Amino acid sequence: MVLEVAVFLLVAAGGTAVVLTRDPLNQAIVASFYGLVLGIMFLVFQAPDVALSQITVGAVALPLMIVLALAKVRALAGSGKDDRE
Amino acid sequence: MGALPALPVAVPLLVAAALVGLAPVIRRQVADAVALATALAVAALCAALLVQAAGGPVVYWFGGWRPRGGIALGVAFTVDPVGAGFATLAGVLAVAALVYSWRIFEAVSPLYHALMLVFLAAIVGFCLSGDLFNMFVFYELLSVAAYALAGYHTEDPGSLRGALNFAMTNSVGAFLVLAGIALLYGRTGALNLAQLGQTLAAAPADRLVVVAFLLLMVGFFVKAAVVPFHFWLADAYALAPIPVGVLFAGVVSELGLYAVARVYWTVFSGPLAGGGGLRAVLLLGAVATALLGGVMCVLQHHLARMLAYATVSHVGLTLAGFALLAPEGLAGAVLYLVADGLVKGALFVSIGLVQHHLRDIRELELHGRGRDLPWAAALMALGALGLAGVPPFGTFRGKALMEEAATAAGHPWLTALFVAVAALTSAALLRAAGRVFLGIGVPRIDALRRRVRAAPHPHIHSTLIGPAVLLLAGALALGLAPGLPGRVEAAAERFTDRPAYAAAVLQGATGEAARTTHHAPGSLAVPAALAVLSALLGAALALAALRPRRRPAGRLTRAAGRVWAPTAAVLRDLHSGNVGDSVAWLVVGLAGFGTLLALVAR
Amino acid sequence: MIYLPYLVAAWLFLVGLYGIVTSRNLVHAVTCLSVVQSSTYILLLAVGFERGGTAPIFLDVPVGTKAVDPVVGALTLTDIVVGATVSALLLALAVQIFKHHGTLDPERFRSRDD
Amino acid sequence: MTPTLRRRVFLVAAAVAGGLLLWGLTGLPDYGVYPGPYGDVLNAVAVDERKATNVVAAVTFDYRGVDTMGEEYILFAAVVGVAIVLRAQRGETEQLPDEDAADRRAPGTSNAVRVLGLALLGPVVLFGIYVVAHGHLSPGGGFQGGVVLATGALLVYLSGEYVTLRRVRPVALIDLAEGSGAAGYVAIGLLGLAAGATFLENVLPLGQPGALLSAGTMPLINLAVGVEVAAGFVLLLSEFLEQTLVLRRPGEVT
């Protein structure tokens, strides 16, 4: 019971931290952590299928895509000054 | 043809997958032909479903999971004439859009065709589904396809920003819908619309039912672009490729209203029944949407943006019909929606014609340059009349039905709203047509300098005009087909009959053929006169806007200008196209509608 | 405790929206949107939860054992994967917007090309 | 609206909306009380009727299989959308002159990382296939397994073998996989029609619960979804990686 409450509160705090982390790269890392905690919450809900989904996607795939998008933006910022309008 | 309901969804999805799978080796012409043939097949299948559904409800359980003891185990398509009618409209508009893209829309890969087909399949699935979560899935599917299509012009930053705003705001709307579904599921343990309605009807409305309705309604209102959930729409619709705009303006916004009506009548009409308060709340939204949309339409000089706001405005009109919460109002709204969708589709095509030949879409820059485009001029003028609801367009019949229902429900003032809005939107279009095609009014200096006119009597390919002519003919046919209003009213009666719907879905009761309502149609003289009046008002407004300013303006004109100019500036400023603004307004609308609903439901 | 998961869901929904409304970076806004989305999953799974129930997987436990609702699990597990791809689409749009404007700050490209 | 004004407007509206949400949420049954009946009925009958021990999978791929078909196509549409949106971008970056790209070459990947990445590849792919194949028995299935498989492709990239990845990931093949994964689902649905039953009806032999080949069409659908999801995520990751393609041109790394 105590563990449950702790997980719920951790999720609430994690989501808040994701929003309040304004730098997108740091945010991706926080979001990955949040995805993991969320996966644990889904285990508490007795939903291992969903937890597996959440951990592969929320903790790995989505943060990865954010990082890649940011890398792309950085590369553009470094290179494409002339083809910008 | 027992599998008929599944095919108009399965076939385009299969073809879309094949197009993507073979994308690297497929030729453009093949993709065009395959996509067009598929859209034609979908339209035909939906029309066949419409015919079948007119005889009685068609219930199709996927996987063969029939309900047991009143509990739905699987997912059903529950086809009625209203849903099948919208699906058919989507099919017809998709055919028009694909015929149009065949020639005018260069540089497309099979991925574009695949997305169009997925988009179409999702719309059809959404219209036919009888399961709340399944509706959500198709809602998401049509949305995601729409985001990608809206951002298709990646070389245009405005289009990209529009697509992003569209996607963010509509995603939030979808999450509201999902939250509403979760609330309902927590109460009833059901997702089937009929079963939900049956379970909820057992008890009066409480806070959970009110909030669940609020979440679903607002979620779907985002798609419908009801004020104040409309801030995303103009950029997304106006800057999308023209063929995509045909579908957006023709059917997508309307689907949001369809969903609210469907969910209200199948799920909530028991506990929320007899709500004069609910009617007032919905009417408030309708009036705000119709008027703000109309005013914004007049303020635009970008032709596609003008049509986008005309869409908002007419969503407001239609919402007024739904808001009466009576079969007659619903019948009028449905007829109006379909006819209006066809007219707007035709208008989008005619704008595309202008853009194709004159390489511009801005009214002021196009001053007088469209003199050699008589086809586009005729289409646009006719379309403006169709928007105004002039007989014999189908929009006229729909509006007449809504006006009659409004008077019967004790809201005769709605007629005035209808006249005003029709005048505003047709004024904007007639003004643009007068300026572009007739060269009325004073041209802008810089427009003179760039005065590139179309080649004299340009050869306009029939694949460009054909779709518009066909869509307008469809709108006319809806206004002329004998006995159509009676049929639509019968369909609306069935749409609103919750117990019969539940019996058909859960018990498999076929039900006797639709009750023929012996509703004596009121005299059409007054509505016809009003429709002509709104068109004349629109023409007068358009001329007033085009007329060169006489130097000593009257006191009245100056006073009006003093109010108008700052108002217009504020309105333009509010419609910033900023993502944060759209979402903030969404929350404001959620809070506002929620407070009102909570108050009236007490 | 009896409403705690629901409260968490409502909180995350609004916090995520706050993030979008105040965001000065489109990539940040997209991530905030995924927080809003996660709140709907929490809500769905919470309403399907039954205290004392096992996961609805009857590989090691016999049928008839008290188990939580399998439907909400089915609804969310697919949507989580799909939600990530939609986020990818938003990120792609953001990248393209950056290409044109040289910034991801929505406040800096509010000019309208009417 | 200015940012400050917008924040204020939002906070006021969100306070009201939050109050309304809480008001409605307290109308739910207490946490931990499930009202039924949907889930209870399925938990009782699904294993016997479908011979699938994972009831969540039975709901996902059979009872509510049409939802999942729609979800799969949402993924499909999003992936196609990303390809469309980033396509112009890719065309342009590929035209960047080589010497320009060479200036910003990424630091070379150390051999240890390469070896580790390639060594992990086998287990990851095996695990992904396992998750896909056992979806109807234990937690997992095409959605989760597909994502795991896609990360395998990323490992190839991380180990610096972008050239290998290009060879492993010819665009046409991925497009083909993407299309056939999606088409496969619909085709399995049509199988029901062909057998004279309804769309998406589970018409294959069901077998025994717990067996790898059981639950009729479910493993097949899982396979189609697995292919679709894996191809989709590989496509997404590589579309975002295309920028880095410039940084690691063939010949520069190896």
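This is a predicted model: local features need pLDDT of at least 70, side-chain atom pairs count only at pLDDT 80 or more; totals for chains, interfaces and linings use all residues.
User: What makes chain B agree with a compact globule?

Analyst: The radius of gyration decides. With 602 residues, a compact globule would have a value near 25 Å, and chain B has 23 Å, so the two agree. Along its principal axes, the C-alpha trace of chain B spans about 75 × 65 × 50 Å. Of its 602 residues, 66% count as buried.

User: What is chain B built from, and how far apart in sequence are the residues its contacts join?

Analyst: Chain B has 23 helices and 2 strands. Take its contacts between residues at least 6 apart in sequence: 84% of them join residues at least 24 apart.

User: Why is Leu33(C) called buried?

Analyst: The cut-off is 20 or more other C-beta atoms within 10 Å. Leu33(C) has 26 such neighbours, so it counts as buried. Leu33(C) sits in helix 2 (residues 26-48) of chain C.

User: What is Leu33(C) in contact with, leaving aside its neighbours within four places in sequence?

Analyst: Two partners are in chain B: Met168(B) and Ser171(B). Two are in chain C: Gly16(C) and Ile20(C). As for Leu17(C), it is 16 residues from Leu33(C) in sequence and 7.1 Å away in space, C-alpha to C-alpha.

User: What makes the phi of Leu325(B) and of Arg359(B) worth a look?

Analyst: Most residues other than glycine have a negative phi. Phi of Leu325(B) is near 55°, a positive value. Phi of Arg359(B) is near 60°, also a positive value. Leu325(B) is in the loop between helix 12 (303-323) and helix 13 (327-358) of chain B. Arg359(B) lies in the loop between helix 13 and helix 14 of chain B.

User: Which peptide bonds are cis, and where are they?

Analyst: Most peptide bonds are trans. Among the cis ones here is the bond from Val227(B) to Pro228(B), with omega near 5°. Pro228(B) is in the loop between helix 8 and helix 9 (233-238) of chain B. Another is the bond from Pro391(B) to Pro392(B), again with omega near 5°. Pro392(B) lies in the loop between helix 14 (374-388) and helix 15 (394-408) of chain B.

User: How do you know that helix 7 of chain B is mostly covered?

Analyst: Count the buried residues. Helix 7 (residues 193-200) has 8 of its 8 residues buried. Among them are Leu193(B), Gln195(B), Gly197(B) and Thr199(B).

User: What covers the buried residues of helix 7 of chain B?

Analyst: The cover includes helix 5, helix 6 and helix 8 of chain B. It also includes helix 10 (242-268) and helix 20 (498-507) of chain B.

User: What makes up the largest nonpolar core?

Analyst: In soluble globular proteins, nonpolar side chains tend to be buried together. The largest nonpolar core here has 430 residues. Those with the most contacts inside it include Leu115(B), Phe119(B), Leu89(C) and Ala77(D). Helix 3 (residues 70-101) of chain C gives the most to this core, with 20 residues. Leaving aside its neighbours within four places in sequence, Phe119(B) is in contact with Leu142(B), Ala145(B), Ala146(B), Leu149(B) and Leu247(B).

User: Which pair of chains shares the most contacts?

Analyst: Chains B and D do, of the 5 pairs of chains in contact. Their contact takes 63 residues from chain B and 60 residues from chain D. Elements giving two or more residues to the chain B side include helix 1 (7-21), helix 4 (110-128) and helix 23 (579-601) of chain B. That side divides into 44 nonpolar, 13 polar and 6 charged residues.

User: How many residues does the contact between chains A and D take?

Analyst: It takes 16 residues from chain A and 17 residues from chain D. The chain A side has 10 nonpolar, 3 polar and 3 charged residues.

User: How do chains A and B stand to each other?

Analyst: No contact joins chain A and chain B. Contact requires C-beta atoms within 7 Å. The closest C-alpha atoms of chains A and B lie 10 Å apart.

Terms used
Residues are numbered from 1 along each chain as its sequence is written. Chains are lettered from A and ligands numbered from 1 in the order in which they are written. Ala, Val, Leu, Ile, Met, Phe, Trp, Tyr, Cys and Pro count as nonpolar, Asp, Glu, Lys and Arg as charged, and the others, Gly among them, as polar. Helices (H or I, at least four residues) and strands (E, at least two) are DSSP runs, numbered from the N terminus. A residue is buried if 20 or more other C-beta atoms lie within 10 Å of its own, exposed if 12 or fewer, and partly exposed in between; C-beta atoms are placed from the backbone. A nonpolar core is a set of buried Ala, Val, Leu, Ile, Met, Phe, Trp, Tyr and Cys residues joined through C-beta atoms within 7 Å. The radius of gyration is taken over C-alpha atoms; the globule rule is 2.2 Å times the number of residues to the power 0.38.
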